Amino acid sequence: MIPAAFAYARPTTVDEALQAIADGGEDVKVLAGGQSLIPVMRLRLAAPETVVDLTRVAELRGVREEGDVLVVGAMTTHSDVLADPLLAQYGQLLVQATETVADRQVRHRGTFGGALAHADPAGDLPAVALALDAEFVLVGPSGRRTVPASEFFVDYLTTALEEGELLVEIRLPKLGSEWGVRYEKFNRVAQAWSIVAVAAAVRREGGRIAEARIGLTNMGSTPLRATATEAALLGADVSLEAVTAAAALAADGTSPSSDLNAQADYRQHLARVLTRRALSAATGL
Amino acid sequence: MTQINVRVDGTSYSDDVEPRTLLVHYLREGLGKVGTVVGCDTSNCGACTVHLDGEAVKSCTVLAVQADGGTVTTIEGIADGGTLHPMQKAFHEMHGLQCGFCTPGMIMASIDLVGDNPDPSDDEVREGIEGNLCRCTGYQNIVRAVQQAAAEMRGTGTASAPAEAVARA
Amino acid sequence: MTAVEDPTSTTAPEAPANQVGQARLRKEDARLITGATTWTDNMVLPGMLHLSVLRSPVAHARISHLDVSAAQQRPNVVAVYTGQDFAEEQGSIPCAWPVTADMVNPGHPSVAVDQVNHVGEAVAVVVARSRSAAADALEAIDIDYESLPVVLDMEEAVQEGADLVHSHTSSNTSYHFVFDAGEAGTGADTDQAFADAEVTVSRRFVQQRLIPAFMEPRSVVVQPQGDNFTMWSATQIPHVLRVMLAMVTGIPEHKLRVIAPDVGGGFGGKLQVCPEEVLALLIARRLGKPVKWTETRSESLMAAHHGRDQVQFIDVAADREGNLKGLRVRLLAGMGAYLRLITPGVPALGAFMFPGIYKFPAYRFECDGVFTNKVPTDAYRGAGRPEATFAIERIMDELAVELGMDPLELRRKNWINAEEFPFTTVAGLEYDSGDYGAATDQALELVGYDELRAEQQRRRESNDPVQLGIGFSTFTEMCGLAPSRVLGSLSYGAGGWESASIRMLPTGKVEVVTGSTPHGQGHETAWSQIVADQLGVPFEDVEVLHGDTAISPRGMDTYGSRSLVVGGTAVVKAAEKVVAKARRIAAHLLEASEDDLEFTGGTFSVKGTPGTGVGIQEVALAVFAAHNYPEGIEPSIDAEATFDPVNFSFPHGTHICAMEVDTDTGFVKIRKYACVDDVGTIVNPMIVEGQMHGGLAQGISQALYEEAIYDAEGNLTTGTFVDYLLPSAADLPHFDTGNTVHPAPGNPLGAKGVGEAGCIASTPAVVNAALDAVRHLGVTDIRMPLTPERVWRAIHTGGDGGDRATAGTNAYGGASTESTAGVSTDASSLGGDR
């Protein structure tokens with residue numbers, strides 16, 4: 001199938017991009033890597049008036065460090081993420097999750113920022129951003145603002161991005177060697193979206209868990225934190241018993257959808273099992 | 001219409017295209033590069049895989065205008081004159097194709113994989129071509145082909161004898 | 001024949017003989033690996049117009065309003081047609097298999113006239129200068145539907161008073177087909193056998209709907225030239241298609257040429273006379289311009305025919321020692337909304353195979369063909385036989401459990417022994433040759449059976465969350481379709497013969513014309529091997545022509561594992577005629593008596609005087625010149641042959657699957673898969689192995705991944721490859737394959753057929769393996785495909801895992817749950833990247 005006709009803009013700077021969005025009419029779509037948008041347009045589930053293509057906005061691509069923070073440009077591709085030395089050292093949770101995204105070809109084009117802005121609850125990266133309390137830097141006609149991950153994901157395919165705004169970078173805390181991480185993904189065939197996945201990062205001090213951050217993929221209309229599990233782990237022994245008991249709370253408060261891959265109760269069961277596995281791996285059990 | 005300049009399989013082209021034109025449709029209908037095919041509309045099957053600026057992409061999920069100024073290599077551009085690319089040769093020798101519809105994309109994805117991982121294990125090949133669907137072969141001979149081509153591309157000769165099947169006959 | 005297996009000379013290109021049995025690399029590959037292919041969609045003709053089809057987004061409705069005038073006004077739109085425009089000339093998609101005399105065939109318009117009966121049914125066609133203009137104009141068509149009750153569930157559809165798919169019929173049952181061995185005189189009374197039985201086991205199995213999902217989407221191009229028409233189509237059956245199109249459209253058969261160029265897979269899915277083929281022909285005729293239609297993948301999934309779709313009720317009777325006493329099968333077979341080419345015949349093909357390899361004294365089969373508001377079913381790899389094999393191989397395991405016997409022991413006790421061939425089964429078929437024990441013993445060794453059983457034991461004892469199971473399938477299938485007289489007795493509308501001709505060119509090169517049209521099987525290579533041996537010419541000197549009714553005028557095409565068995569034999573017969581004709585000329589040239597000539601290695605020579613002969617390729621030149629040939633014969637050594645088999649062939653094999661089941665999540669993973677198949681004499685072991693691999697992948701995929709799901713309104717939820725799951729390389733195991741060879745006695749090649757074997761055999765082995773892993777946890781059945789959720793539910797809450805939710809996944813903003821017929825929604829994605 002062929003997309004419906006649209007006007008096309010290819011800015012090279014963020015300012016040009018904002019202008020192009022402002023000039024684009026009623027229905028503007030921002031094209032990042034296009035690996036979800038173009039199929040949606042081919043199926044004519046979306047027929048924007050204007051497409052603003054960010055692939056030539058060089059300032060949006062790349063990873064840098066600012067003290068304890070990693071700053072990932074929104075147009076950094078999944079392949080860039082997998083090859084980046086800073087992320088290899090401080091961003092293993094993101095790297096692990098990115099490895100599971102779709103396939104090589106899609107990872108060559110698809111971008112971190114695009115995946116987050118798309119906010120597909122079955123996408124792998126939103127839960128990672130949420131688990132890490134990432135900050136989302138947005139720029140728009142009225143300037144620049146920073147939105148915490150907990151406020152960025154609003155609903156199914158819906159974010160805090162206002163009309164005319166762009167996601168330009170994502171700020172992630174560096175996770176040093178005191179952190180253990182694991183992205184545990186469950187799907188039926190290799191290239192598919194997650195049925196459920198769990199992003200876990202655990203900081204150990206001595207034999208105890210000092211901090212746990214757990215993000216859940218596809219357990220609701222937005223990515224979620226397994227807050228009850230996180231709380232139960234705080235100060236707990238690093239033991240299979242403690243991890244198992246805490247993981248049993250992973251689905252508390254969730255109301256996942258039912259579809260042909262999983263009904264809601266099974267998703268909740270998977271969340272508990274995968275959380276246990278992710279925590280066991282992250283804590284080296 | 002938007003003007004694009006793109007180099008495809010060693011030839012430079014200049015064309016006006018509608019922004020909505022997919023790269024694969026530009027290749028097929030604009031340039032007659034019909035060796036690259038379309039197998040789905042959700043970027044699952046990988047039959048349309050080409051290299052854009054050296055990376056494997058699904059050309060049904062890239063707009064032609066996005067290739068402006070870029071270099072595209074298709075299945076029609078990888079042989080060196082009359083000499084097949086080692087990946088083409090290996091697909092032939094290992095019987096890595098039957099109907100052949102997925103083959104151009106499969107070969108282009110496999111070349112990209114071996115570029116990153118010159119000596120992939122069985123599992124690494126299988127994971128590496130997860131974005132390409134084949135309905136005929138069950139993949140086993142494709143895996144053998146990729147490993148043989150990888151060996152040849154490393155310069156260590158063939159990985160295993162192609163006549164394995166003969167011995168069993 | 002000269003065929004012997006000689007593995008030593010694989011790479012000797014000039015080897016004049018002994019090609020059969022060698023793993024010759026494929027001739028087809030040269031164009032396929034370089035992109036130099038001629039797929040139908042590659043065709044471009046001057047002035048060619050593009051078709052785009054508007055498809056119904058509702059499953060059952062009357063068309064209350066249809067206005068195409070706005071679409072007609074769109075730029076670059078040449079015409080827009082509806083069912084009303086073709087009501088008088090489109091006729092019905094043909095059904096060639098009226099399985100019973102009173103079968104109800106409601107007729108199948110190519111484009112709906114006033115009522116739609118399934119989602120995806122064509123309701124209008126746009127003809128435009130470009131593909132995109134045609135697609136755009138679909139959105140301007142104004143159409144309203146008046147809903148009718150939707151019939152989806154077969155068991156409900158056959159109830160008294162059920163809503164009807166076709167209001168002019170009296171029920172949703174198209175036909176009731178019965179085979180009773182007692183009545184046919186091939187077995188004892190089945191009811192009596194069950195009445196007397198010590199043990200009976202009854203099960204209900206569901207054969208889910210599958211989608212053939214060939215990789216090349218369907219495509220058709222029609223070029224009108226005066227009152228002649230040439231059609232290129234991505235079809236398995238150019239010959240059958242030509243006959244059928246002539247009958248449907250009234251275009252005289254001799255004015256119609258059908259070409260299947262390179263075709264990218266079919267698996268039965270392109271064994272069809274497609275509505276879009278009929279429409280393309282009618283529109284080209286009306287406009288006098290060439291037209292092209294190529295489907296999108298989502299169109300293909302919703303509108304090309306599906307396969308399987310049966311509810312199976314199966315009962316088996318035995319004594320306490322495990323001797324089988326009787327078998328009873330009742331099927332509800334889903335037809336979908338209409339009958340296409342062999343829709344009703346698919347279950348009938350399976351009717352005779354439910355007894356499998358076992359010696360049942362009594363057997364009764366009944367089948368109701370049931371209409372539903374879904375796309376029609378038809379052939380899909382195996383067509384009827386995978387369904388039968390699944391049911392019998394599954395219930396053999398259930399009976400073994402009931403009797404407390406080892407499943408393999410029960411099979412050994414009841415299967416046909418090697419010395420009993422040929423064996424006439426309770427279904428009246430004569431199985432030709434084989435040795436089930438030999439294949440089984442070899443397969444056990446190949447899989448490492450004892451070791452796997454020991455590991456299974458260890459995992460059970462340690463209560464490992466990952467349990468291991470081992471499943472068997474000892475199967476046979478009916479191949480080499482088909483003896484024409486048998487087809488006639490089953491009311492099929494055509495024969496099962498195949499045609500071949502051989503043309504000897506002046507330079508000694510050979511053109512082989514086959515009526516069996518390939519779409520990935522490697523006919524060009526295998527036929528070259530056969531002819532090289534028969535004529536003693538180099539493999540490279542043979543060119544195989546096919547797939548064009550003007551070049552290969554007679555043929556029955558490719559399906560049912562028939563090509564080598566029937567078509568290959570026709571080639572042998574034609575070659576024998578060539579040699580016989582050449583012998584007369586050679587005798588004349590050598591001034592010898594025909595009886596004194598011997599023919600070896602392509603050369604005729606006088607017995608006892610080696611080195612003094614004339615080659616068959618030289619004879620070809622002599623005949624071309626025609627200066628010197630015997631009186632009373634024609635100067636040609638070309639020949640044609642038609643082979644009509646007298647029996648089917650019966651490949652068999654033993655398949656063993658070892659399966660890991662994660663009892664925490666329900667995820668299943670094949671640990672090991674080994675099979676030993678007897679497909680008769682092997683012409684090309686490389687191709688045979690490839691066919692096995694591909695068949696295994698599809699059979700395993702039925703067990704684990706694939707299912708066409710409709711929601712309560714009749715929308716196809718699995719409408720893209722996001723939700724209709726095909727396995728990638730990462731999802732399938734390595735296969736260990738082997739062969740035993742018992743040549744088929746029914747053809748001179750000794751071949752039995754291999755195209756469907758892996759697909760037929762593997763599905764029950766996989767499901768039996770999963771059940772073997774968790775049976776000790778109380779699981780007795782899991783419905784296919786074995787989704788993790790179903791497996792988990794079967795373990796933790798009993799039952800067979802139940803129905804899946806019918807909502808599509810949210811991928812791409814719920815793409816798969818929406819009709820793709822030009823609908824635009826406001827999925828608010830912002831440049832998403834998965």
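Just after helix α9 of chain C, Gly288(C) takes a positive phi of about 70°. The model is predicted: local features need pLDDT of at least 70, side-chain atom pairs count only at pLDDT 80 or more, and totals for chains, interfaces and linings use all residues. Residues are numbered from 1 along each chain as its sequence is written, while chains are lettered from A and ligands numbered from 1 in the order in which they are written.

Helix α9(C) covers residues 275–287. Helices (H or I, at least four residues) and strands (E, at least two) are DSSP runs, numbered from the N terminus. The 13 residues of α9(C) reach 18 Å from first C-alpha to last, close to the 18 Å expected at 1.5 Å a residue. The expected span is 1.5 Å times one less than the number of residues. Helix α9(C) is mostly covered, with 10 of its 13 residues buried. Buried means that 20 or more other C-beta atoms, placed from the backbone, lie within 10 Å of the residue's own. Among the buried residues are Pro275(C), Glu276(C) and Ile283(C).

In chain A, strand β13 (residues 208–217) is mostly covered; seven of its 10 residues are buried. Strand β12 (residues 196–205) runs antiparallel to β13(A), joined by nine bridges. Strands pair if DSSP finds at least two bridges between them. Val198(A) has Leu216(A) as its bridge partner. Two residues lie between the strands of this hairpin, and Gly206(A) in the turn has a positive phi of about 60°. Strand β13(A) also pairs with β14 (residues 224–225), antiparallel, over two bridges. Here Gly215(A) stands opposite Arg225(A). Six residues separate β13(A) and β14(A) in their hairpin, where Asn218(A) takes a positive phi near 70°.

Between chains, 46 residues of chain C are in contact with 50 residues of chain A. Contact requires C-beta atoms, placed from the backbone, within 7 Å. On the chain C side, α4(C) gives the largest share, four residues. This side divides into 16 nonpolar, 20 polar and 10 charged residues. Ala, Val, Leu, Ile, Met, Phe, Trp, Tyr, Cys and Pro count as nonpolar, Asp, Glu, Lys and Arg as charged, and the others, Gly among them, as polar.

Chain B is divided into domain 1 (2–76) and domain 2 (86–162). The bounds come from an automatic or database domain assignment. The domain centres, taken over C-alpha atoms, are separated by 22 Å. In chain B, 15 residues of domain 1 are in contact with 11 residues of domain 2. Strand β3(B) supplies the largest share of the domain 1 side, three residues.

Conventions:
Buried ≥ 20, exposed ≤ 12 C-beta atoms within 10 Å, placed from the backbone. Contact = placed C-beta atoms within 7 Å.
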